[in-house]
Amino acid sequence: MAEYLDKQVVIIGLGLTGLSCVDFFVAHGVTPRVMDTRVVPPGLEKLPKDVERWLGSLNKEWLLNADLIIVSPGIALSTPELSAAAEAGVEIIGDIELFCREAQAPIVAITGSNGKSTVTTLVGEMAKAAGWSVGIGGNIGLPALMLLEHPAQLYVLELSSFQLETTYSLHAAAATILNVTEDHMDRYPLGMQQYRAAKLKIYENAGVCVVNADDAMTMPVRGADARCVSFGIDVGDYHLNRQQGSTWLRVRRDKVLDTAEMKLSGQHNYTNALAALALADAVGLPRASSLTALINFNGLAHRFQLAHVHNGVRWINDSKATNVGSTEAALNGLEVEGTLWLLLGGDGKSADFTPLKRYLQGDNLRLFCFGRDRAELATLRPEITTQTETLAQAMAHIAPQVKAGDMVLLSPASASLDQFKNFEQRGEVFTQLARELG
């Protein structure tokens, strides 16, 4: 439990997370100052009247006079005003660091370019199935500080690379990096190793490190050590066992669950299940209740979700695929009886789209590229590509052409913010249009 009395605290960024920080400090007897680069940030109307606020830009004077700055993950530490504050010796942390200083129960910490929301939710469901009181949040659901309002036996946190950059006191009982694929390159000018370095912070002081045997980038800097447990497709302590047409989850020599019993499907979801099981085992959750949770779990909204079926055509909402690796995971091993109508587009965040090429071969495929980076995406396979400005225009082209056995898949490989509020809104628009057009 840290002490903050008599400190001059500045919170950068409002919204639900910023408000949770304000509430935290007020409860500790400190009235912080708040600033936001937006003129009318979300949650402004809920800010207590006695809290000073600065809107539309960053107030350098406030930052230099602060003892402690709590920065939103959306603001890069390389921002000139923050760099100046850091050079002046001002402590700069995030809300996850505040949480870690206060939390009294073990923490399972999960990061990765793809799959982290699914694995976080799964571990939470495993804890609930065991009858444990569990707090689930961080980068999904509730801001971490709000989890402190209710007693818990276990916390399960999804953490982004941005959140990890400003976290120093995390001592996770079990931690994982599920995978490291290119993402947020606009924020990491030095490239993949800079991005990976942020993710690797999750292993510092962790009791158990759950690593991906198929992805060397998920290993600790000095390689696997005694703390490491691995998962993978064909290798690892937790892996898949495929024989006579069936696929099992296997822990070392023991087959523990036939994937046919699970509602989740696809190789990427089976490896997510293995990672979740490894984390649950590491913190002592009973195996039987963990397997029950795996059988009952329906998957996440906007993550390879069946949005509509009509006349033998499946419309799949994978709007949460906001980067190339996530779309790769969706396409890897995908089997479609007829034609795959693939929707790609949005803000690619300076990513390299070429790794998708290997999945875009064959004759039973049509590409529709929309949004800001549509022209760049169209170069992947121009002869089968139609470019449109919007998602709705693309779907209007597709709808009259589909036949029984076809799949229409929104797996954009890009962020949504060029045309939508968030990936959820993009997925909702897709689902609504699928039902209207399909």
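How far apart do the end C-alpha atoms of residues 302-413 lie? They lie 13 Å apart in this model. The model is predicted: local features need pLDDT of at least 70, side-chain atom pairs count only at pLDDT 80 or more, and totals for chains, interfaces and linings use all residues. Residues are numbered from 1 along each chain as its sequence is written, and side-chain values use heavy atoms, without hydrogens and water.

**Domains**
- The protein is divided into domain 1 (9-92), domain 2 (97-296) and domain 3 (305-437), with bounds from an automatic or database domain assignment.
- Between the C-alpha centres of domain 2 and domain 3 there are 28 Å.

**Where domain 2 meets domain 3**
- In contact (heavy atoms within 4.5 Å) are 11 residues of domain 2 and 11 residues of domain 3.
- The count of salt bridges between domain 2 and domain 3 is zero; the term denotes a side-chain nitrogen of Lys or Arg within 4 Å of a carboxyl oxygen of Asp or Glu.
- On the side of domain 2 that touches domain 3, one residue is nonpolar, seven are polar and three are charged; Gly counts as polar, and Asp, Glu, Lys and Arg as charged.

**Annotated span**
- The unreviewed UniProt entry annotates residues 302-413 as "domain: Mur ligase C-terminal", and such annotations may be inferred rather than shown by experiment.
- This span, residues 302-413, is 19% helix and 27% strand, counted as DSSP runs (helices H or I, at least four residues; strands E, at least two).
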